[in-house]
Amino acid sequence: MTQTQLTSSETTVKQSGTVTRFDSLKIRQRMREFYETSETYKSLLDAHDETYLQHYVELVIRYAPPHSKVLDLGCGNGISAKLLNQADFDVVGTDISPLFLKEAQNWENPRLRYEVCDVLELPFDNDAFDVICSNELVEHLPDVETALTEMIRVVRKGGRIVISGPNLCSPLIPLLDWIRLISGKPGRPVWGETKRQAFQQFTRNCRLYLQKRFFTKSPNFIYREPDLQTDAIGGDADSAYYASPIDLAQFFRKNGFTIVKKAVGFGIKGRIIANTFPYLSPYITMVVEK
């Protein structure tokens, strides 16, 4: 298992503190090839059934105007797009992998279609959609700024962008890893496989949270080299961006967007954390308006 690697721009910073350079275009191509060919990863996505996607779909429905034209980015096996279509939206579901969308294309109808495309180069006109949404996508992007700029381009004035996914900069995630490990349960691949690793991740996330929250006014997208080995799949080992809702909020504000909701919680504990400490929540559930 390789060590977690973080990068700012094109600089990779390993946990040991050494710094190397990598070509982000090569990383992007390597990730595309992985998603286009990995049957193991497809099997992982196939476990994302209607129950798994329930909160994400509910989030979009809650903040999408009735009968909206919706673009569901990185929809994987396509189930989320199908569920949104069943909720009376016109939906385009996209993913970078034709392998993932193979079965989904059988569900197409006049108000639901699927397209294979890269979120960094969306094949849609400006102002084409009422709502842009994504679930567990942003952390897999090797160039978040370009992807967000594309989302901004294709959403209409007054439209909304809904982003859902793990908050990889939240100190709560490695803290929960550490609690699981001291209870004798297994940790997460790459991020918290040992108690020491989980604690190191906790202290680093605390530092990153404080820096982003109180000492920077512009987004600082921190990247990592994804682990694409078969034995590392799962637990966001393949993530390329150290996802933070603070980065996203700062980026959208700089581009003239209104933050409708910093975080949306599900369940009593989730709502308390989302309402009290939205940027510490283990899960990003952000809604912004153009």
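Q: Which residue of β7 does leucine 73 stand opposite?
A: Strands of a sheet pair through backbone hydrogen bonds, either parallel or antiparallel. In this predicted model, leucine 73 faces serine 134 of β7.

Q: How many bridges join β4 to β7, and do the two run parallel or antiparallel?
A: There are four bridges between β4 and strand β7 (residues 129-135). The two strands run parallel.

Q: In what order do the strands of the open sheet lie?
A: Read across the sheet: β6-β5-β4-β7-β8-β11-β10. That makes seven strands, with mixed pairing. The edges are β6 (112-116) and β10 (258-261). Each has a single partner strand, so one side of each lacks a neighbour in the sheet. From one strand to the next, the twist averages 20°.

Q: Now a helix. Is α4 mostly covered or mostly open?
A: Count the buried residues, meaning those under 20% relative accessible area. Helix α4 (residues 79-86) is mostly covered, with seven of its eight residues buried. Those buried are Ile79, Ser80, Ala81, Lys82, Leu83, Leu84 and Asn85.

Q: What covers the buried residues of α4?
A: The cover includes helix α3 and the strands β4, β5, β6 and β7.

Q: Which residue just after α4 takes a positive phi?
A: Aspartate 88 does, at about 80°.

Q: Let us take a loop residue. Where is histidine 48, and is this residue buried or exposed?
A: Histidine 48 sits in the loop between α2 and α3. The test is again relative accessible area, with buried meaning under 20%. Histidine 48 has 15%, so this residue is buried.

Q: Which residues is histidine 48 in contact with, leaving aside neighbours within four places in sequence?
A: Leu53, Asn77, Ile79 and Glu136.

Q: On to open space. What is the volume of the largest pocket, and which residues are closest to its centre?
A: The volume is about 940 Å³. The lining holds 45 residues, and Tyr41, Glu136, His140, Pro166 and Asp236 are the closest to the pocket centre. Glu136 is also one of the contacts of histidine 48.

Q: Which elements supply at least two residues each to that lining, and what is its make-up by class?
A: The helices are α1 (24-37), α2 (39-46) and α6 (172-182). The strands are β4 (69-73) and β5 (90-95). By class, the lining of the largest pocket has 24 nonpolar, ten polar and eleven charged residues.

Q: How much space lies in the second largest pocket?
A: About 350 Å³. Of its 16 lining residues, His55, Val264, Phe266, Tyr283 and Thr285 are the closest to the centre. At least two lining residues come from each of α3 (54-63), α9 (267-276) and β11 (283-289). The classes divide into seven nonpolar, eight polar and one charged.

Q: Which residues line the second largest cavity?
A: Among them are Asn167, Cys169, Ser170, Pro171, Tyr209 and Lys212. Others in the lining include Ser244, Pro245, Ile246 and Tyr279. Two or more residues come from each of α7 (195-215) and α8 (245-254). By class, this cavity lining has six nonpolar, three polar and one charged residues.

Conventions: Residues are numbered from 1 along each chain as its sequence is written. This is a predicted model: local features need pLDDT of at least 70, side-chain atom pairs count only at pLDDT 80 or more; totals for chains, interfaces and linings use all residues. Side-chain values use heavy atoms; hydrogens and water are left out. On a 1 Å grid over the protein atoms alone, a cavity is a set of points where a 1.4 Å probe fits but cannot get out, and a pocket is an open set with protein on both sides within 12 Å along at least five of seven lines; lining residues have an atom within 4 Å of a point. Grid points are joined across faces, edges and corners, and a volume is the space filled by probe spheres set on the points. Ala, Val, Leu, Ile, Met, Phe, Trp, Tyr, Cys and Pro count as nonpolar, Asp, Glu, Lys and Arg as charged, and the others, Gly among them, as polar. Two strands pair if DSSP finds at least two bridges between them. Axes are lines fitted to C-alpha atoms, for helices over the stretch in contact, and angles run from 0 to 180 degrees between N-to-C directions. Buried means under 20% relative accessible area, exposed over 50%, partly exposed in between (1.4 Å probe, protein chains only). Contact means heavy atoms within 4.5 Å.
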